[in-house]
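Here is my note on the model, as numbered points. Please read it with the structure open.

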Amino acid sequence: MRPSPHLLAAVSRTRPSTLKKPSISLDHFIQRQRVLSFWREIVRALIKVPPSSTRSELRNYARAEFERHRELTDLQHIRYLLSTGKSEFQTMKRYIDEQVAG
């Protein structure tokens with residue numbers, strides 16, 4: 001026997017939320033998506049580098065920077081870090097392209 005939608009709605013109203021963190025604002029959600037997209041872009045670029053210590057050093061550096069600012073909630077600071085990170089990444093990407101080509 002399947003429960004009716006009315007019963008499910010009543011149960012969900014009386015049950016406390018199981019979320020560990022409070023919900024985030026739309027601006028925070030958008031910035032989070034941009035940061036995750038930027039991380040994926042970095043990982044994709046690093047795949048082009050042949051397996052070496054350079055590849056692991058670049059990945060470890062990028063990961064350490066992301067981890068260091070993981071708990072940041074100030075939107076202006078997040079935007080600043082994202083823009084400076086992208087400019088650093090462009091420099092790193094030129095280096096990667098030189099490594100792959102040369």
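How do the residues of the lining of the largest pocket divide into nonpolar, polar and charged?

1. The lining of the largest pocket has 17 nonpolar, seven polar and nine charged residues. Here Ala, Val, Leu, Ile, Met, Phe, Trp, Tyr, Cys and Pro count as nonpolar, Asp, Glu, Lys and Arg as charged, and the others, Gly among them, as polar.

2. This is a predicted model: local features need pLDDT of at least 70, side-chain atom pairs count only at pLDDT 80 or more, and totals for chains, interfaces and linings use all residues. Residues are numbered from 1 along each chain as its sequence is written, and side-chain values use heavy atoms, with hydrogens and water left out.

3. Of the 33 residues that line the largest pocket, Val 35, Phe 66, His 69, Arg 70 and Glu 71 lie nearest its centre. Helices α2 (26–47), α3 and α4 each supply at least two residues of this lining.

4. Helix α3 (residues 53–68) packs against helix α4 (residues 75–101) at an angle of about 175°, with the axes 13 Å apart. That makes α3 roughly antiparallel to α4 (an angle over 145 degrees). In α3, Thr 54, Leu 58 and Tyr 61 meet Glu 88, Met 92, Tyr 95 and Ile 96 of α4. By class, this contact has five nonpolar, one polar and one charged residues.

5. Gln 31 lies in helix α2. Gln 31 has a relative accessible area of 4%, so this residue is buried (under 20%). Leaving aside neighbours within four places in sequence, Gln 31 is in contact (heavy atoms within 4.5 Å) with Leu 75, Ile 78, Arg 79 and Leu 82.

Methods: Axes fitted to C-alpha atoms, helices over the stretch in contact; angles between N-to-C directions. Helix = DSSP H or I, 4+ residues; strand = E, 2+ residues; numbered from the N terminus. Parallel < 35°, antiparallel > 145°, perpendicular 65-115°, else oblique. 1 Å grid on protein atoms, 1.4 Å probe; cavity = no way out; pocket = protein on both sides within 12 Å on 5 of 7 lines; lining within 4 Å. Buried < 20%, exposed > 50% of the residue type's maximum accessible area, 1.4 Å probe, protein only.
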